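Me: I'd like to learn to read a chain contact and a helix pair. Can you take me through one case?

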Amino acid sequence: MNEKNQILDAYDTAFHAAAAGLPGSGTDWATSLRHDAMAGFRASGFPTRRDEAWRYTNLTPLQKRPYLAATSANEITGIERADLPRRDMDGARIVMVNGRFDETLSDLGPLDGSLTFMSLARALDEKPELVEPYLVGETGEDGIRRLNTALMADGSVIILPAGARPELPLEILYLNSAGENAAAHIRNLVVLEAGASLDLIETCRDTSGNGSAFWSNIVSTMVVGEGASLNHHQIQTIGSEALLSAAANVRVAEGGHYSNFVLTAGGLVTRNEIHILLQGRDAQATLDGLCLARAGQSLANVTIVEHQSPAASSKQRYKSILQARASAAFLGKVVVARDAQHSEAHQASDSLLLGEGATANAKPELLIHADDVKCSHGATVGALDKAALFYLNSRGLDPAAAKEVLVTAFAEEILECISLAPWRQIIRAEIAGWMRDGEKVSSQ
Amino acid sequence: MAASVETREQVRQATEEYRFGFSTDVESEFAPLGLNEEVIRFISAKKNDPKWLLDWRLKAYGIWLEQEEPTWALVEYPEIDYQGIYYYAAPKSVEGPDSLDEIDPEILRTYEKLGIPLREQEVLAGVKGAPKIAVDAVFDSVSVATTFRKELESAGVIFMPISEAVQAHPELVRKYLGSVVPMRDNFFATLNAAVFSDGTFVYIPKGVRCPMELSTYFRINAQNTGQFERTLIIAEEGSYVSYLEGCTAPMRDENQLHAAVVELIVMDDAEIKYSTVQNWYPGDKNGKGGIYNFVTKRGLCQGRNSKISWTQVETGSAITWKYPSCVLKGENSVGEFYSVAVTNNFQQADTGTKMIHIGKGSRSTIISKGISTGHSSNSYRGLVRVLAGADNVRNFTQCDSLLLSDQCSANTVPYIEVSNPTAQIEHEATTSRISDDQLFYCLQRGLSEEDAVALIVNGFCREVMKQLPMEFAVEAQKLLGISLEGSVG
């Protein structure tokens, strides 16, 4: 109890010391939003496993010590352009280093003329009215999001006007180079007006190579207007000691489509949460995810899809591949409101356990309050099929190769639905790399 | 087809809504209103408890005072006033009846009306070749009659009210009471441990296949009374028993509390088949009255190759909160859960099961069918957990929900927690209404809409219904029809 209070105090103290220097400090609503959020965080603390939505999330690291926001004092060195991960796609790239926009590393040249981009820090200081409608009152549903609201230092504000459809994807790259137990609280705002369309890629990587205990806390608000289409891809390959909590609140209007693909392949603890409100007829959500978990890692995908309007549809498919002593969870909730007739909602979660001590948890939940609906979910947990392994062995593949073929096939099913072709290749390469590393680890 | 015609007739016969809604005018003896240590001592004295049992009750009461009522279930009800309930009510004239002639004739008539035969000769005079069923009848807080005891005794089977078993077989009761559902398990189980007044005790010795079905019939009669019965069934190595449970209550405007505990223990190669047809008073069309059915049922598959099969047909109660579970500890043990839950009007049900796989090679099957109509809410909540040491576990779960009105809710909340890579777990669930195609097909074949719905619903539930013993299956099918009465069109 005492330890818990000390940790909360540390955040409180750090907040009050930093408050005057945080972006938006000259604006009343922003200042009171931050203070309200901090008071809320102080009262609630971090979620615990007793909170239903956090049941399968390992929060021990956050409860053991404070992760204080990265400042110039604990940033190790600047990152050179050459250090950035290779680009396999054209398009603009926004780079956030230790939670702050870095203009020199970013590549904004190819940014589509119709698109408005501004860093959140600049928006809060120079154009607060731009973000005000999306931030006021949004202190956050849980301790982690409240802390984000109180301490948000930067992020991306992306606004696409009606009908704009940039051809090239836009990437946001998060890099961490700060020291032990540092944190970045990032807040993004993505607004697509009617008929607009965007391919958005978020990449979280650890470039320091030292695998330091860094906590990235990213909260995004996404608004998909009538008939608009947001194609959101996330790739998360952070270091083995790093923590990542990414939460997105998404609103989809009539005829709009939000699709998300997330590859989670790293981190001591990674938790993705997506809360979608389908607010108009024929609004659609398509969520796909692949978790690759190694020993000691705890990865979770949490989704809430609320069908608030008739004739909306949602489809979710999550897969996990777990090596020995790894843990992965899927918590999915579909809520169909009383009058949301003709809703269609499907949820699937499959886990493949490759070694001793691996734990897969799933809670696919359906809460249905309308009768003319088609809703289903399925969940499976199991090991590789022995008969299939034997078949491949009998055809001359050695056990390791046979295993790789079957694991790849398991993952491939989910990759097929990725619409962005180069992106599919990138993901395939990530999986192959992960498997080879896994073999190395297990043969050591 | 025959079934649906029969269902319709049954519906017509049933004098509107709830056919067991009469109350019986018998003189009763009550404990003082409310709950405190004195009331527990009063119940304990009435039951002539040995000291260890009184101590056990008082300890449970102490724990209960510290516990909080659970709020996680998807049910809503006004706060229960635990001091406004009689925790003990007994018909006055049944202080240890030696024969049925000493039982208040009113009570006998009650069971006759319910269709429960308490006179063995009546059972024997029935249809030739009809299977015998031994019945333990529990009226409010006490057991009033247990039939066929002699015949069971000769097979070595102990079948008696638990209050008698405490006196006659204290070593067995003491050994197993609270061994599967610990007294501090949950708020309602702890309350039960403190105040339970009767229930059924069954002991099947090694190698015995119980010669007949055993059955307990629970009836809440008195007003403002809670019923807190406790059932304990032990199946020794290589034995088998099929146990049936039925329940009804009069129509009353206030809500009555029923918080039972059932514990099953199964040794090597033994099997318990436990079937329930739950038809407590569900409340009226506007949601007034009805039973709060907060029940903890759990079985322990202690031995190798042991098996527990739960089958339940839940049509009654204003609120159902019930998760018959299996702790699969024995190697190759088997747990099964077959459930049909129907909710109409303003009923709320949050029911399901837990399968805890501890033993290597243990297997479980869950088939749950929820039907909701009116303004009701029907939730499946289930847990399948595979512990790290449990190799080669298999589970198959299927939960289907059928919605028959646009004002009801159907929820599915499964938890799957697997910590062993050799497990094979499959879960699937669907939620939908009766398809227009199915309905149209039936209608164009000349069925009325009501018959068509009854036919489709019976088909929807068939997998569960066929698990019930024959006599129960017929009753359950009729009940289904009655429960859905008025939900079409």
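Me: How many residues of chain B are in contact with chain A?
Reply: Keep in mind that this is a predicted model. In it, 28 residues of chain B touch 31 residues of chain A.

Me: Which elements give two or more residues to the chain B side?
Reply: Two strands of chain B do: S23 (409-418) and S24 (424-433).

Me: How do the residues on that side divide by class?
Reply: On the side of chain B that touches chain A, 12 are nonpolar, 11 polar and five charged.

Me: Which strand of chain A is joined to S24(B)?
Reply: Look for bridges. Strand S20 of chain A, residues 374-382, is linked to S24(B) by seven of them, and the two strands run antiparallel.

Me: Now the helices. At what angle do H2 and H3 of chain B cross?
Reply: Start with the axes. Those of H2(B) (residues 37-46) and H3(B) (residues 51-66) come within 10 Å and cross at roughly 150 degrees. Angles over 145 count as roughly antiparallel, so H2(B) is roughly antiparallel to H3(B).

Me: Is the crossing left-handed or right-handed?
Reply: H2(B) passes H3(B) in a right-handed crossing.

Me: Which residues make the contact?
Reply: H2(B) brings Glu37(B), Ile40(B) and Ser44(B). H3(B) brings Leu53(B), Leu54(B), Arg57(B), Leu58(B) and Tyr61(B). By class, the contact between H2(B) and H3(B) has five nonpolar residues, one polar and two charged.

Terms used:
Residues are numbered from 1 along each chain as its sequence is written. Chains are lettered from A and ligands numbered from 1 in the order in which they are written. This is a predicted model: local features need pLDDT of at least 70, side-chain atom pairs count only at pLDDT 80 or more; totals for chains, interfaces and linings use all residues. Two residues are in contact if their C-beta atoms, placed from the backbone, lie within 7 Å. Helices (H or I, at least four residues) and strands (E, at least two) are DSSP runs, numbered from the N terminus. Ala, Val, Leu, Ile, Met, Phe, Trp, Tyr, Cys and Pro count as nonpolar, Asp, Glu, Lys and Arg as charged, and the others, Gly among them, as polar. Two strands pair if DSSP finds at least two bridges between them. Axes are lines fitted to C-alpha atoms, for helices over the stretch in contact, and angles run from 0 to 180 degrees between N-to-C directions. Angles under 35 degrees count as roughly parallel, over 145 as roughly antiparallel, 65 to 115 as roughly perpendicular and the rest as oblique. A crossing is left-handed if the near helix is turned anticlockwise from the far one by less than a right angle, and right-handed if clockwise.
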